Amino acid sequence: MKKFKNIYSGMSAAFIAVSAAAAMSCISAGAAQSGFHVSGTEILDANNEPFVMRGVNIAHAWYQNDTNTSVIGAAENGSNTVRVVVADGQKWSKTSKSELENIINICKENDVICILEVHDATGSNNTYDLDNAVNYWIENKSVLQGNEEYVILNIANEWYGEWNSYNWAEGNKSAVKKLRNADIDNMIMVDCAGWGQYPACIKEYGRSVYEADVDRNTVFSIHMYEYAGGNASTIKKNIDDALSIDVPVVIGEFGGQHTGGDVDEATIMSYCTQKNVGYLGWSWKGNNSDLSYLDISYDFAGKSLTPWGDALINGSNGIKATSKKCSVFGGQQQPEYNYSQPEISSILYDIKYHQFRINWTPVQGAEQYGIAVKLAGKWKVQEYTNNTTFTSPKLRPGSRYTMVVCAKVNGKWQTADIAHRAFTVTVR
């Protein structure tokens, strides 16, 4: 029998900060998520509830003083999501960290999910421009961290202007890896090639981009104007082809017309409703005079809608008819139980084999226990047991693990107050 040295006995666990949202799904699917996450072609929120985006694009980078009014107006008109234009300083004035914080806060105050996108790399085929956007997000990662349940990161608007799937994929694979290596865990959104209008790249190489993400938490966006959204058959094929790789797709931009021709906005909205695909109209207000027909509202407050805005918001498959608020905003049910939690009584350590053994107090009525470890920013269940002890496999000396033990009572996993129950073990 191995001899374990008692390194933890009668002491409280070493607490660390863990997102409260992670608690909602700590055990249920074998890997907890602290924010939005992918499940097949569905986007699930931090409460594991399906979320379908309905909303508008807001041009903060060019109208900074009107962003608050615009977000409020979009929310009052039924939007559950806004996609907000920001800048990394390459083409337009750099959006500051305090501006990002304000954008996120005003979105949260108005119960809308915030998608942030850097616009400076629009149409570029240069990986340098994409990397600038990535570096901008890394520079501002403290704003993103802790907001995974409210903020989705659209790396760069319409990066890669050519209709070239391979180069688009290679650039985005590198970008996704760099963001994850920087400990950014928000859901990532990637616009397709061809200024957002070449969705064939999703069908051909989208899966490789998705699998380059260690978190498997990347979704794709099609911008539907005259090429990707010109008629019903094109719209349906583009959406179906994108979904065929078993990853979610969103219509990140679309309008009623564009410079190269008409857009079938009615089919975009109806087919998205049929397929549970999100859509976001371009854009709230502020387009140049030659593109003013793309304004959704005549005013930033959204009190006077344009014809395009009326169709988008008040149509039979429009925002007001199909939008549902994300479950992370209010109205959440509290747990129906208030049982005691597993309390760590000791941690024993085997110096020879580099293992540890955790013991905890039994929970009345517990049907099972789950031992979860936080890896790559996500909770992953390592073992289920009916006992009150867990012995690790042989591990590398110096390894450090953040862990939690949860009990299942009356068929429900007790994940309440997980932030104060997590503890850290260092292998010797």
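Visitor: Which residues are linked with Arg 83 in a network of salt bridges?
Guide: In this predicted model, Arg 83, Glu 117, Asp 191 and Glu 253 are linked in such a network.

Visitor: Why is the meeting of Arg 83 and Glu 117 called a salt bridge?
Guide: The side chains of Arg 83 and Glu 117 meet with 3.7 Å from N to O. A salt bridge requires a Lys or Arg side-chain nitrogen within 4 Å of a carboxyl oxygen of Asp or Glu, so the pair qualifies. The two residues belong to distant parts of the chain: Arg 83 is in strand S5 (residues 81–86) and Glu 117 in strand S6 (residues 113–118), 34 residues apart. Both Arg 83 and Glu 117 are buried.

Visitor: How many salt bridges does the structure hold?
Guide: The structure holds 14 salt bridges. One of them joins the side chains of Asp 111 and Lys 325, at 3.0 Å from N to O.

Visitor: What makes Lys 325 count as buried, partly exposed or exposed?
Guide: Lys 325 has a relative accessibility of 52%. The limit for exposed is over 50%, so Lys 325 counts as exposed.

Visitor: Where do Arg 207 and Glu 211 lie?
Guide: Both Arg 207 and Glu 211 are in helix H7 (residues 200–212), four residues apart, which is about one turn of the helix. Their side chains meet in a salt bridge of 3.1 Å, N to O. Arg 207, at 31%, is partly exposed, and Glu 211, at 41%, is partly exposed as well.

Visitor: How do you know whether Thr 306 is buried or exposed?
Guide: The relative accessible area of Thr 306 is 6%. Buried means under 20%, so Thr 306 is buried. Thr 306 is placed in the loop between strand S13 (278–281) and helix H10 (307–314). Apart from neighbours within four places in sequence, Thr 306 is in contact with Asp 295, Ile 296, Ser 297 and Tyr 298.

Visitor: What span is expected for helix H4, and what span does the helix reach?
Guide: Helix H4 (residues 127–139) has 13 residues and reaches 18 Å from its first C-alpha to its last, close to the 18 Å expected at 1.5 Å a residue. Its buried residues are Leu 130, Asn 132, Ala 133, Val 134, Tyr 136 and Trp 137. These pack against several elements, including S5, H3 and S6. At the N-terminal end, Asn 126 caps H4, with a side-chain oxygen 2.8 Å from the backbone nitrogen of Tyr 128.

Visitor: What makes S19 and S20 a pair of strands?
Guide: S19 and S20 are joined by two bridges in the antiparallel sense. Pairing needs at least two bridges, so the two strands meet the requirement. Lys 408 has Trp 413 in S20 as its bridge partner. The strands form a hairpin with two residues between them, and Asn 410 in the turn has a positive phi of about 55°.

Visitor: Which other strands pair with S19?
Guide: Strand S16 (residues 366–375) runs antiparallel to S19 and is joined to S19 by seven bridges. S21 pairs with S19 over four bridges, also in the antiparallel sense. Strand S19 (residues 400–409) is mostly covered, as eight of its ten residues are buried.

Visitor: How many aromatic pairs are found in the whole structure?
Guide: A search of the whole structure finds 14 aromatic pairs. In one of them, the rings of Trp 163 and Tyr 227 have centres 6.2 Å apart and planes at 85°. The limits are 6.5 Å between centres and over 60 degrees between planes for edge-to-face, so this pair is edge-to-face. Trp 163 and Tyr 227 are 64 residues apart.

Visitor: Why are the rings of Phe 254 and Tyr 279 called a pair, and of which kind?
Guide: Their centres are 5.5 Å apart and their planes stand at 80°, so the pair is edge-to-face. Phe 254 is in strand S10 (residues 249–254) and Tyr 279 in strand S13, so the pair ties together parts 25 residues apart in sequence. Phe 254 is buried at 0%, and Tyr 279 is likewise buried at 0%.

How values were computed. Residues are numbered from 1 along each chain as its sequence is written. This is a predicted model: local features need pLDDT of at least 70, side-chain atom pairs count only at pLDDT 80 or more; totals for chains, interfaces and linings use all residues. Side-chain values use heavy atoms; hydrogens and water are left out. Buried means under 20% relative accessible area, exposed over 50%, partly exposed in between (1.4 Å probe, protein chains only). Contact means heavy atoms within 4.5 Å. The expected span of a helix is 1.5 Å times one less than its number of residues. A polar contact is a pair of N or O atoms within 3.5 Å; within protein, one must be able to donate a hydrogen and the other to accept it, and residues adjacent in sequence count only if both atoms are side-chain atoms. Rings of Phe, Tyr and Trp (its six-membered ring) pair if their centres lie within 6.5 Å; planes under 30 degrees apart count as stacked, over 60 as edge-to-face and the rest as tilted.
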